Amino acid sequence: MSDMFNKLLMQAVEDKLLSFFDVNFARLLANEQHPFLLLLSAYVSAKSREGHTCLPLEFFSKGQLFSTSHSDLSKKLWQITGVPSNLMKYLNSWNAISNGQDATPLVLSQNCIYLHRFWKNECIIANFFNNNYDINTFDTKTIRLVLDNLFNNHTYQKIAAATAITKKISIISGGPGTGKTTTVIKLLIAIIRLNINTIRIKLAAPTGKAASRLTDSLTHLLNKLSISPEEQCKLPHEATTLHRLLGAQYESKGMIYNISNKLPLDILVLDEVSMIDLSMMSNLVAALPEHAQVIFIGDRNQLPSIETGSIMNDLCMRSKNYFSPLRAWQLTQLTGCKIRSYATKTAKIIDDNICLLSVNYRFDSQSGINRLAQAVKMGNIKRVAHIFNMCFEDVNKKTITDFVDYQSMLGDILENYIEFLTLINKQENPLKIISAFIRHQVICPLRDGPFGVQGLNYYIEQTLIQRHLISMYSNNQHYLGRPIIITRNDSSLGLSNGDIGIILYYKYQDMQAFFIKKNLTIKTVELNRLPLHDTAWAITVHQSQGSEFDAISLVMPREFIPLLTRELIYTAITRPCKRLIIYTNNAVFESAIKNKTYRYSRLRNRIN
């Protein structure tokens, strides 16, 4: 039986349902005399690599093991392992598992199996949200006057600001163009006007690119708002990465600021929260001083973090802009807006700290991009098809069925770069050249294959060479006009993961990489000093997250794979503000919209 069991495990590895790491981890915790425990351990490990915080035991069953396309393998494994007659007693007798109080590799909690560190991280985060809610005293009339002065008739932006001012923790969720950044800036101005004492305010984001974008938005908005020089001085003028905020020590993987050495701040605004994983959020909340106010900003419908967890979605899962009766009354007094309330018995306290922004100020009512984003967000397949058939000027879908279609797509993509390449030939200034390139971006879900980043970059380059638009040399990966994307932060160079640059001649001599930085200044970096980077004619959807472009070409694979999810599609189609072209077939696109991301977690259950 053990030989057959091992053979089936190796079959699962070959089919990429498990990895060698999963199997070897399991063998450290259980032997072949206990196949149920061995399979359970391997499955918990596999689910953690997929981004799940835990494995609910209800999903470790004959019908739930692996995917439906591997039902025969699941059935054979299940026949060998079986299910103990008294599962809980059996698990509790296992020395590799505990309730978390002992240092065991696995934890059994809330009918779920966790890796110990994920259980600990989830508990730390839940404890933070359970113990940091109310600001005991506030002057309703003064707050109302300040908010009336700043927000005029922007109803939910005003409600979001009132929520954040009167709570130690607040969460503001909204899609691109709903005014999240505007709300935050006005909110911080309001806080400054309401406080006589000096307040230490910090802005942070999970990646360098997101921090840079937040800084740029801040600078742009401050130039438009009418505020005094004193208020300008009190506001932060630059955002930082979470790693830099916490003082990440890459050698030891520790943080300078932690539970024993708290962050020196009074207010923290944290942007792009959907990108933050469980471990980083745990590190952050542990390092926050007890008195700190924290404002979490993000879009609950976007892709979750690459690593473990889906924190933004967990927190905002059932929020609908309804508040408890008392909270609704408070917010009405603070804003003058009509606030909806829910039945207290059905709600969690955290819902009184959440405000959803839904009115879009970037797109007009005739925008196909906005309508498509709303339909995808709701999973409305019929509405998506209807939008494609309505022939909006800013949305177009093209089908790739054969090599001729693929070549035609490459031709379409190249048309978007004619201005960019012309400016290079004219030796225009780098600011114009880079600005021309980043107006349009090709993005795709995959890395490999002809419909992935590597394949597209290769074929785009080859087509450009055939048309004599670029010249490449076999002994050098760099060429005049090569677009690159930085894939690792380098603080010494001032470059962040996600920064896009262009290879150009420096003073008509050697080639260097040129980047647009703060206040539209140009930064040059010698090629031999560049951190890790990739060619960027095409980038992944994940790499585009947190960025905005005038136009996007989204290239989908010809066949559906589980990686294609509703959240990925939503993230991709909300990157452009003027034009979106999608290369896909109906079956793949519809399957992706139906495939909603769900990561196992008990974070929301632990809160309140």
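Lysine 398 is partly exposed in this predicted model, at 29% relative accessibility. Its side chain meets that of aspartate 412 in a salt bridge, with 2.9 Å from N to O. Lysine 398 lies in strand S13 (residues 395–398) and aspartate 412 in helix H18 (residues 403–415), so the pair ties together parts that are 14 residues apart in sequence. Aspartate 412 is also partly exposed, with a relative accessible area of 23%.

**Salt bridges**

Side chains of opposite charge can pair when their charged atoms come close. A search of the whole structure finds 17 salt bridges. The table sets out three of them.

| Pair | N to O distance |
|---|---|
| Lysine 398 and aspartate 412 | 2.9 Å |
| Glutamate 548 and arginine 362 | 3.0 Å |
| Lysine 578 and aspartate 550 | 4.0 Å |

Glutamate 548 pairs with arginine 362, and their closest N and O atoms are 3.0 Å apart. Glutamate 548 sits in the loop between helix H22 (541–544) and strand S21 (549–555), while arginine 362 sits in the loop between strand S12 (354–357) and helix H16 (368–378), so this bridge ties together parts that are 186 residues apart in sequence. Glutamate 548 has a relative accessible area of 32% and is partly exposed. Arginine 362, at 30%, counts as partly exposed too.

In the bridge between lysine 578 and aspartate 550, the closest N and O atoms are 4.0 Å apart. Lysine 578 belongs to strand S22 (residues 576–583) and aspartate 550 to strand S21, so the two tie together parts that are 28 residues apart in sequence. Lysine 578 is exposed, with a relative accessible area of 57%, whereas aspartate 550 is partly exposed at 24%.

How do the axes of H18 and helix H21 (residues 453–466) cross, and at what angle? The two axes come within 10 Å and cross at roughly 75 degrees. An angle from 65 to 115 degrees counts as roughly perpendicular, and H18 is therefore roughly perpendicular to H21. On the H18 side, the contact is made by Tyr406, Met409, Leu410, Ile413 and Leu414. H21 contributes Gly455, Leu456, Tyr459, Ile460, Thr463 and Leu464. The residues of this contact divide into nine nonpolar, two polar and no charged. An α-helix has 3.6 residues a turn, so residues three or four places apart point the same way.

**A helix inside the structure**

Is helix H8 (residues 155–165) largely enclosed or largely open, and which of its residues are buried? Nine of its 11 residues are buried, so H8 is largely enclosed by the rest of the structure. The buried residues are Gln157, Lys158, Ile159, Ala160, Ala161, Ala162, Thr163, Ala164 and Ile165. What covers them includes helix H7 (140–151), strand S5 (169–174), helix H9 (180–194), strand S11 (293–298), helix H15 (325–335) and S12.

**Annotated positions**

An unreviewed UniProt entry lists Gly174, Gly175, Pro176, Gly177, Thr178, Gly179, Lys180 and Thr181 under "binding site". Two of these can be followed further.

Proline 176 lies in the loop between S5 and H9. Proline 176 is buried, with a relative accessible area of 13%. Leaving aside residues up to four places away in sequence, proline 176 touches Asp299, Asn360, Arg362, Tyr570, Thr574 and Arg575. Among these contacts is Arg362, the partner of glutamate 548 in a salt bridge.

Threonine 178 is likewise placed in the loop between S5 and H9. Threonine 178 is buried, with a relative accessible area of 4%. With residues up to four places away in sequence left out, threonine 178 touches Gln157, Leu357, Ser358, Val359, Asn360 and Tyr361.

**A strand residue**

Glutamate 526 lies in strand S18 (residues 522–526) and is partly exposed, with a relative accessible area of 43%. Glutamate 526 and tyrosine 506 are 20 residues apart in sequence, and their C-alpha atoms are 9.4 Å apart in space.

Note on methods
Residues numbered from 1 in each chain as written. Predicted model: local features only at pLDDT ≥ 70, side-chain atom pairs only at ≥ 80, totals over all residues. Heavy atoms only, no water. Helix = DSSP H or I, 4+ residues; strand = E, 2+ residues; numbered from the N terminus. Buried < 20%, exposed > 50% of the residue type's maximum accessible area, 1.4 Å probe, protein only. Axes fitted to C-alpha atoms, helices over the stretch in contact; angles between N-to-C directions. Parallel < 35°, antiparallel > 145°, perpendicular 65-115°, else oblique. Contact = heavy atoms within 4.5 Å. Nonpolar A, V, L, I, M, F, W, Y, C, P; charged D, E, K, R; others polar. UniProt positions renumbered as here; feature names shortened; annotations may be inferred.
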